[in-house]
Amino acid sequence: MKKAGFFHSSLLGDDVYGCVADGVREKKVPLIKRKLLCSLEELYTGTTKEIGDTSGTMMTMKDILKININAGLKNGTKIPYPKEEDEDIPDDIVFVVEEMPHEMFTRKGNDLIITQKISLAQARKGYTAHLKTLDGRTLTIPISSIGSIIHPRYEKVVPGEGMPIAEDPSKRGNLKIRIKIKFRS
């Protein structure tokens, strides 16, 4: 049975090492993928992760790989590890970003979404949200004013307080504060 990427067809037949007719025998190494678990905070600020062998064997500092996580990377982003000549690692290793769930925020694209539960009394008289951001700042955001009414599907959008945009980290998505009104105590 043939598998894509492992066989090469030539006039002399298929060969797992490459084309015999060329006189070159290249071994096709399968791509190695590893999950790279990242918190929402790490994806917000950017970080460097040190990855080692998970088999439990003793490792030297030389065996530890340093992976740069740029601010704004999204779930599923592939980060190729650049192999240096003196390293004893496979040629083709790719780390795939896996975003871990956050207790307060959810991410949709470059936007951050948080749901605030408020009482009916707060919805009637107005509400101010006090939120701790992923980089540790505290935002004070008035949710309603005299001219607006908080309703069960109310959403306050705060521009520029969402996730950094990976292609241009100086720009950010939006923070969306969704309101859930508690009708009973």
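**Buried or exposed?**

Mentor: Glu161 has a relative accessibility of 18%, so Glu161 counts as buried. The cut-off for buried is under 20% relative accessible area. Keep in mind that this is a predicted model.

Trainee: Where in the chain is Glu161 found?

Mentor: Look at the loop between β12 (155-158) and β13 (164-165); Glu161 is found there.

Trainee: Which side chain does Glu161 join in a polar contact?

Mentor: For that, you look at pairs of N or O atoms within 3.5 Å. Here the side chains of Glu161 and Arg137 are joined by a polar contact of 2.7 Å. Setting aside neighbours within four places in sequence, Glu161 also touches other residues, including Tyr44, Leu112 and Gly173.

Trainee: Tyr44 has a ring. What lies over its face?

Mentor: Arg172 does, at 4.7 Å from the ring centre of Tyr44. As for aromatic pairs, the structure holds 0.

Trainee: How exposed is Gly136?

Mentor: Buried is under 20% and exposed is over 50%, with partly exposed in between. Gly136 has a relative accessible area of 42%, so Gly136 is partly exposed. You'll find Gly136 in the loop between β10 (128-132) and β11 (138-142). Its C-alpha atom is 9.3 Å from that of Glu41, although the two residues are 95 residues apart along the chain.

Conventions. Residues numbered from 1 in each chain as written. Predicted model: local features only at pLDDT ≥ 70, side-chain atom pairs only at ≥ 80, totals over all residues. Heavy atoms only, no water. Phe/Tyr/Trp six-rings, centres within 6.5 Å; stacked < 30°, edge-to-face > 60°. Lys NZ or Arg CZ within 6 Å of the ring centre and 35° of its normal. Helix = DSSP H or I, 4+ residues; strand = E, 2+ residues; numbered from the N terminus. Buried < 20%, exposed > 50% of the residue type's maximum accessible area, 1.4 Å probe, protein only. Polar contact = N/O pair within 3.5 Å; in protein donor to acceptor, adjacent residues only side chain to side chain. Contact = heavy atoms within 4.5 Å.
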